[in-house]
Amino acid sequence: MAQDFSVVTASYANLQITSTLNNFPSEKRFQKDMTIGTLKGKLEMITGSSSAAMSLQLFNKDGHLVITMSDDAALLGSYPVDHGMRIHVVDSDPNRLRGEFEDLSKVEKFEISAEEYSKRTDSVQAFKKKLKVGQYQELDPDEAARQEALKKEKEDEEERLAGAITVGSRCQVNIPATPPVKRGTVMFVGKTDFKPGFWIGVKYDEPLGKNDGSVKGKQYFECLPKYGGFVKPQFVAVGDYPEESFDMDDDDEM
């Protein structure tokens, strides 16, 4: 038989819903004039349980069991339901596993190849291509040609300057806006793996460098720690420079 309780709150209640099939709670609003049978039908969509296999337990805000709502014909409001309470759905189906909806390994995943994805017209990639943004941005042909010419000119000039510097020469390193200058001996001339272009490896007279002649695990020349550095050719002048002590720290050298 249905148990009789007085409705002492509003005509609806905001309730927490939990289930034996998962540990993820949700909050829903239910009208108190619906029957428990109707409520179970709504809970099917929320918990994944069949209404025929449901047992509804009502818990108060402190987590204590108040009552099991077992009469499908009774109104929700006939039970002492109030805001913030929790309905726990116990699934009695022996073929259902506790927590089965939490195991994502059982969820069939949608997969698509890169080739198939590139053919879709409703993807983020297609959207970027249409608007020509990001990596799909297109430069004006004249501007692209100008930038390529400037890049080539810079590379040629860098190679020319590097060709005038020989290993073993005394040198002076002078990077604009970062005085004072440094002096040392040229130990390496050429291209590196750490950055593009030509670099000059210098062993400084004083421990004013950034490395020991190696960068990212590759040894280009040998010297004591903090005596080595790599500088762009345009900042290196070779000549008869006696040893002096200087101090400089800049991002134009490695």
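1. The side chains of Thr-35 and Thr-38 are joined by a polar contact of 2.9 Å. The model is a predicted one. Thr-35 lies in the loop that runs between β2 (22–31) and α1 (36–47).

2. Is Thr-35 buried, partly exposed or exposed? Its relative accessibility is 24%. Because buried means under 20% and exposed over 50%, Thr-35 counts as partly exposed.

3. Leaving aside residues up to four places away in sequence, Thr-35 touches Asp-72, Ala-73, Ala-74 and Leu-75. For Leu-75, the C-alpha atom is 4.2 Å from that of Thr-35, although 40 residues separate the two in sequence.

4. The sheet is open and has five strands in the order β2-β1-β5-β3-β4, with mixed pairing. β2 and β4 (65–69) are the edge strands; each has a single partner, so one side of each is left without a neighbour in the sheet. On average, neighbouring strands are turned by 30 degrees against each other, direction ignored.

5. Within this sheet, β1 (residues 12–19) and β5 (residues 86–91) run parallel and are joined by four bridges. Which residue of β5 is the bridge partner of Gln-16? The partner is Arg-86.

6. Helix α1 packs on the sheet and touches β1, β2, β3 (54–59), β4 and β5. The direction of α1 makes about 95 degrees with that of β3.

Methods: Residues numbered from 1 in each chain as written. Predicted model: local features only at pLDDT ≥ 70, side-chain atom pairs only at ≥ 80, totals over all residues. Heavy atoms only, no water. Helix = DSSP H or I, 4+ residues; strand = E, 2+ residues; numbered from the N terminus. Buried < 20%, exposed > 50% of the residue type's maximum accessible area, 1.4 Å probe, protein only. Contact = heavy atoms within 4.5 Å. Polar contact = N/O pair within 3.5 Å; in protein donor to acceptor, adjacent residues only side chain to side chain. Pairing = 2+ DSSP bridges. Axes fitted to C-alpha atoms, helices over the stretch in contact; angles between N-to-C directions.
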